[in-house]
Amino acid sequence: MEQGEIFTAEIEDMNTLGNGIAKSDGCVIFCYGAADGDRVTAQIRDKKKNFMTADVVSTDVPSPYRCTPDCKAFGSCGGCTLRHITYEHEKDVKLSAVKAALRRLGVPDGAFRGIYGTNSERYRNKAVFRFRGSEFGFSAERSDDIVPVSDCLLCPEIFSETAAYAAKYFEKDPLSYLYLRTNHDGSEISCVLGTNNDCTEFAKKLSERFPCVAGVFQKSGKHPEDGTKARLIYGKEYINEKFLSMELCVSPDSFFQINREGAEALCRRVCEYACASQNSYGADLYCGTGIIGLSLAALCPDAHITGVEINSQAVEDAKKNAQRNGLSNIGFFCGDSADFAKSIYGSLDFITIDPPRAGCSEKMIKELLRISPERIVYISCEPASLARDLKLLCEKYAVADVSVFDLFPRTKHVETVVLLSHKKPDGHINV
């Protein structure tokens, strides 16, 4: 088939990007917006060396998994990719994606515990809104264009109400962005305004209109991750958060999991994997604000943990939260996680590692193999980089157990937690 050609096909499979997968003469065709089980008429958009892409002209026979998207911005804002299928099937698609990525390593389906799902709506505790005049919304996929969104179904309703208020106030001089973060019960919200203008008066009015606004900050740059530290102009530096049995302070500059319910389930599983024995010694790498390490310290009081993180603000938050919860069995160091051995004294029973989407550096893999703890618990948000790193780590380790967590329902993202156990000279594997 050639570019522009129209064809009909049965959709045999789909990926987390929301693309149905068809085959023709041995060539894979990714059909945008199709679902497995559909019979479609589609048109070839582009032809690559090993695959083709196509746009659906019509869905002739709909899949039993298909549902009507309940958001007008679906397909344009780039946030949700799976809102056209049922949530139950979405979980199957994501679990299959992780299994496919690890199957090449010889990981059998029996090693998977399945997938943990969460509430698929209103689960996000933070969002970044963009502005254009009196309109607000999100950046389009792979573009700086703004897609208007009056109410994102993944976020608390008050987020859209706050964004609408800000859009009206700054109609003639729009913000670059409004970054919102809320806590477990919505009682507190932090707001970061992306602008260099004086926003003191707006901050006061915003807090009067929305009493749950606990702190208002300003920051330069076009994105919350750009520029300097957020500067407080009203209220307090932190919002109060509950996580498992802990009381936490979370600042807008620090990382905290977007889906609290799912993150709690994930941390319980990490603790189960890591603390297999009493008086364990472990390291929590890329620890951020220390959520995983603090959970280990709280749920495994006999464990002794060192957290390592390069973001100094996150480390300060982690230290404060450890002290606030009376967790004396964990300490935190600011530095490159690939150099974590400099912060560790003595041997380690386990290491938990939650690297960026790109996965571990070559230096990190070598260091993990050199240290060789009994167990490595690898938390990943990208199946492809996870598979690449596991292939290298399997020089000394075997995949003992895999758990998949859907922390980002209706989107392309999925989290995986893998327990790696050290291979012994006699071939025995400790689990």
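Buried here means under 20% relative accessible area. The model I have open is a predicted one.

**Entry 1: helix H5**

I started with H5, residues 291-299. How many of its residues are buried? I get 7 of the 9, so H5 is largely enclosed by the rest of the structure. The buried ones are Ile 291, Ile 292, Gly 293, Leu 294, Ser 295, Leu 296 and Ala 297.

Next I checked how H5 packs with H4. Their axes come within 9 Å and cross at roughly 65 degrees. I noted the crossing of H4 and H5 as right-handed. On the H4 side, the residues that meet H5 are Cys 267, Arg 268, Val 270, Cys 271 and Ala 274. On the H5 side they are Ile 291, Ile 292, Ser 295, Leu 296 and Leu 299. Sorted by class, this contact has 8 nonpolar residues, 1 polar and 1 charged. Ile 291, Ile 292, Ser 295 and Leu 296, all listed in the contact with H4, are also among the buried residues of H5.

**Entry 2: the cores**

Which residues touch the most other members of the largest nonpolar core? I found Phe 129 and Leu 178, out of 75 residues in that core. H4, residues 260-274, gives the most to this core, with 8 residues. There is also a second, separate core of 34 residues, and I spotted Leu 95, Leu 102, Leu 285 and Leu 390 in it. As background, nonpolar side chains in soluble globular proteins tend to be buried together.

I then listed the contacts of Leu 178, leaving aside neighbours within four places in sequence. They include Ala 127, Val 128, Phe 129 and Phe 131.

**Entry 3: H1 against H8**

H1 covers residues 87-103 and H8 covers residues 383-393. Their axes come within 9 Å and cross at roughly 30 degrees. Angles under 35 degrees count as roughly parallel, and H1 and H8 are therefore roughly parallel to each other. The crossing of H1 and H8 is right-handed.

Val 98, Ala 101 and Leu 102 in H1 meet Pro 383, Leu 386, Ala 387 and Leu 390 in H8. By class I count 7 nonpolar residues in this contact, with no polar and no charged ones. Leu 102 and Leu 390 from this contact also turn up in the second core.

Ala 265 first: it sits in H4. Is Ala 265 buried or exposed? Its relative accessibility is 11%, so I put it down as buried. Beyond residues up to four places away in sequence, Ala 265 touches Tyr 116 and Phe 405. Tyr 116 is 149 residues from Ala 265 in sequence, yet the C-alpha atoms are 8.0 Å apart.

Gln 313 lies in H6, residues 312-324. Its relative accessible area is 15%, so Gln 313 is buried as well. Not counting residues up to four places away, Gln 313 touches Lys 229, Tyr 238, Ser 251, Asp 253 and Ser 254.

Last, Asp 401 in strand S22, residues 397-405. Asp 401 has a relative accessible area of 14%, so this one is buried too. Leaving aside neighbours within four places, I found Asp 401 in contact with Ala 111, Arg 113, Tyr 273, Val 417, Val 418 and Leu 419.

Key: Residues numbered from 1 in each chain as written. Predicted model: local features only at pLDDT ≥ 70, side-chain atom pairs only at ≥ 80, totals over all residues. Heavy atoms only, no water. Axes fitted to C-alpha atoms, helices over the stretch in contact; angles between N-to-C directions. Helix = DSSP H or I, 4+ residues; strand = E, 2+ residues; numbered from the N terminus. Parallel < 35°, antiparallel > 145°, perpendicular 65-115°, else oblique. Left-handed = near helix turned anticlockwise from the far one by under 90°. Contact = heavy atoms within 4.5 Å. Nonpolar A, V, L, I, M, F, W, Y, C, P; charged D, E, K, R; others polar. Core = buried A, V, L, I, M, F, W, Y, C linked by side-chain atoms within 4.5 Å. Buried < 20%, exposed > 50% of the residue type's maximum accessible area, 1.4 Å probe, protein only.
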